[in-house]
Amino acid sequence: MRKTKDMDWQSLGFQYMSCDKRYVSRFREGQWDEGSLTGDPSITLSECAGILQYCQECFEGLKAYETVNGDIVCFRPDLNAKRMAETAEFLCMPKFPEDRFIRAVDETVRANLEYVPPYGSGASLYIRPYMFASGPVIGVKPADEYMFRIIVMPVGPYFKGGAKPIAVMVSDYDRAAPHGTGHIKAGLNYAMSLHAHEIAKEAGYPENMFLDPREHKYVEESGGANFYFISGDGSTFITPKSGSILPSITRRSLVYVAEHMLGLKVEERPVEFAEISDFSECGLCGTAAVISPVGLVHDHGRDIIFGKGLEEPGPVTKELYEKLTGIQLGTVKAPEGWIHKIA
Ligand code: PLP
Ligand code: COI
């Protein structure tokens, strides 16, 4: 039996917790050092570090699970490694090699195995790789030095209430510009969304629905997850296609699950906000959010309600959730290459 920390796993929310070890690698003089684990949760930085002045930073998010067989695994880490490399390139940062990214995730999880929540607890180990400019800059330019780090922490549901449907609010603000940074996982996008998020929270909505920044005509995504919809007749999985949303790994996986495991039609296309009232189900999908059913979209004094609203998720959402979490926890056969065994 694997030893685990003495914790009330069921009551975990989505919060920072300092675990025993974190991974650090530094980029200096044009190369990454070999990297190592450390017990020190603090960072000492130049007062003029690029991250502090011009926000040169990017990150990733993935999870480790204990499966039904007692293995510790994570879900498609190769796609996180690739997305982080693409994000880094866009932000003029050095790429952290994709094979090293996966090895560093493995090392960090293995060093914190006691924090991986037990199978059946509903919790998981959230893994947060991130990279930032540590070298000083004052003129606007990319820094010369960077740090890549990985922290981990056990987490429960991202939204209070777990699998219960949530209500979201259409935002008047944009999280990204038409030819900006919406498609990459840069911290600056999240700074952009905080103001809108506070407004939504004050109005009683845990998330926003952002519309396209050019016309406010199409659905984009929320502050931390992509959207999907189910057509009125239940036959089709529909998800917005846009150059200014994050290419969610969960969404790409659900597209496969919907088509190949549930026999649904799939449409990845621009989704007009005006058509969503025709749909029977709506959901948010992402690593932190997993699948969060959306029961209601609040649009300036008008509510669009899906199925049984906030009472319970629709039938397709339930099936998608069962399949996706089953794949992650080893109770449903995973498509080739989706599950990476760590321990
Ligand atoms: N969209 C945004 C803005 C996000 O922050 C996330 C979270 O990572 C997602 C979508 C979902 O992406 P993924 O499924 O790769 O976690
Ligand atoms: C994730 O799902 O991993 C994210 O990075 C989203 C964030 C809002 C927690």
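Trainee: What makes the pair formed by Tyr190 and ligand 1 a polar contact?

Mentor: This is a predicted model, and in it a polar side-chain atom of Tyr190 lies 2.4 Å from an oxygen atom of ligand 1. The cut-off for a pair of N or O atoms is 3.5 Å, so the pair qualifies.

Trainee: Which atoms of Ile249 and Thr287 approach an oxygen atom of ligand 1?

Mentor: For Ile249 it is a backbone N or O atom, at 2.8 Å. Thr287 uses a polar side-chain atom, at 2.6 Å. Both pairs fall within 3.5 Å, so they count as polar contacts too.

Trainee: How do you know how much of ligand 1 the protein covers?

Mentor: On its own, ligand 1 has 380 Å² of accessible area, and the protein covers 96% of that. There are 17 residues around the ligand, and those that come nearest are Tyr190, Glu221, Ser248, Thr250 and Thr287.

Trainee: Let us turn to the protein itself. Why is its radius of gyration said to agree with a compact globule?

Mentor: Because a compact globule with 343 residues would have a radius near 20 Å, and the protein has 20 Å. Its C-alpha atoms fill a box of roughly 55 × 55 × 35 Å along the principal axes. Buried residues make up 52% of the 343.

Trainee: Which residues does Ile127 touch, leaving aside its neighbours within four places in sequence?

Mentor: Among them are Leu62, Ala64, Val105, Val109, Ile150 and Val152. Each has heavy atoms within 4.5 Å of Ile127, so each counts as a contact.

Trainee: How many of the contacts between residues at least 6 apart join residues at least 24 apart?

Mentor: That share is 72%. The chain they belong to has 6 helices and 17 strands.

Note on methods
Residues are numbered from 1 along each chain as its sequence is written. Chains are lettered from A and ligands numbered from 1 in the order in which they are written. This is a predicted model: local features need pLDDT of at least 70, side-chain atom pairs count only at pLDDT 80 or more; totals for chains, interfaces and linings use all residues. Side-chain values use heavy atoms; hydrogens and water are left out. A residue is near a molecule or strand if one of its heavy atoms lies within 4 Å of it. A polar contact is a pair of N or O atoms within 3.5 Å; within protein, one must be able to donate a hydrogen and the other to accept it, and residues adjacent in sequence count only if both atoms are side-chain atoms. Accessible areas come from the Shrake-Rupley method with a 1.4 Å probe; for residues, only the protein chains shown count as cover. Helices (H or I, at least four residues) and strands (E, at least two) are DSSP runs, numbered from the N terminus. The radius of gyration is taken over C-alpha atoms; the globule rule is 2.2 Å times the number of residues to the power 0.38. Buried means under 20% relative accessible area, exposed over 50%, partly exposed in between (1.4 Å probe, protein chains only).
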